[in-house]
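Take a look at the fold below.

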Amino acid sequence: MDLDVFVSAHRAEWDRLDALLRRQRRLNGAEVDELVALYQRTATHLSLIQSSAPDPQLTGRLSQLVARARSAVTGTRRSSWRDVARFLTHGFPAAVYRSRHWWVPTALLSTLVAAVLGWWIGTHPDVQASIAAPDALREMTRPGGQYETYYSSHPAASFAAQVWTNNAQAAAMCLVLGIFLGLPVLWILLLNMLNLGVGIGLMASAGRLDVFLGLVLPHGLLELTAVFVAAGTGLRLGWTVIDPGPRTRRSALAEEGRAAVGMAIGLALVLFVSGAIEGFVTPSGLPTWARIGIGVLAELAFLAYVYVLGGRAARAGETGDVEEHERSAVVPTGA
């Protein structure tokens, strides 16, 4: 594209659109029709310039012009509780459902890695010795030791808040860092599975694996599922960088990135629930079967939420992206 020729050909349209937007009086019917037509053409011009001949100054001017025109055409819109309800019942579960082909294999492989690490550590005393001294290992795994008192070492409310903050940060990092080809996401997953594998291995070697699982499963099922969803979404975002499909790489990353931001908000709510279970249920005096039962019910409720509500919304065309009128205008591309 010859940018100078393109600007010369369309500058008059942009100036006319700017003049209409600056009008102090109310526009008549013909002027409104002209405003809408110029807005649509200018949005197309902006997309062409961004994809073919990006110029920062011109892109900035047209972006501002298109934003003002969009506001004039669609009117000022404020978020409402209806938007929140739609996000929770359509956008978020649909986004999780659409990414299931990424996070379900991630969950299965990660769980397998944690199990293998736990077996390796539990059956090799030399590996245990490299983790800590024998006295320290006994202190961690004995009845009333560090693994058991960890969940009751702080007041429940503050502990739940701390856990929620840490897990939300880990999930957000998986979502954001996925754009770097997913490599940081794999590292975060490995660290999480290593920590889980160490606990499994050490407690199994002490003959107390049942106690460990009784402490981890109530909150861990939902917590790890949220981490796996975040990791799978991050890996999907990284793959989009490599293979955007029929979309342009810019539009593909924009769409998947907006969905990932929404996913971060939704997963923060899921992790809030798992943090509350970890803070109030895990260290409670309830029988082990009751604590694990609460964790299983929370996990089943989340999966039903994703596969029932999310599946229905996804089949209806919901992607988890923002609504169409809030997206930047793009030129259609062929497959």
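Predicted model: local features only at pLDDT ≥ 70, side-chain atom pairs only at ≥ 80, totals over all residues.

Residues are numbered from 1 along each chain as its sequence is written, and side-chain values use heavy atoms, with hydrogens and water left out.

The protein has 13 helices and zero strands. Both are DSSP runs numbered from the N terminus: helices are H or I with at least four residues, strands are E with at least two. Of the 335 residues, 40% are buried. Buried means under 20% relative accessible area, exposed over 50%, and partly exposed in between (1.4 Å probe, protein chains only). Take the contacts with a separation of 6 or more: 76% of them join residues 24 or more positions apart. A contact means heavy atoms within 4.5 Å.

Now go to helix α7, residues 134-141. Its buried residues are L137, M140 and T141. They sit on the same side of α7, because they cover an arc of only 85 degrees around the axis. That arc is taken from the directions from the helix axis to the C-beta atoms. An α-helix has 3.6 residues a turn, so residues three or four places apart point the same way. The cover over the buried residues of α7 includes α6 (125-131), α8 (146-149) and α10 (183-205).

Last, the surface. Helix α5 (residues 100-122) holds W119. W119 counts as exposed because its relative accessibility is 54%.
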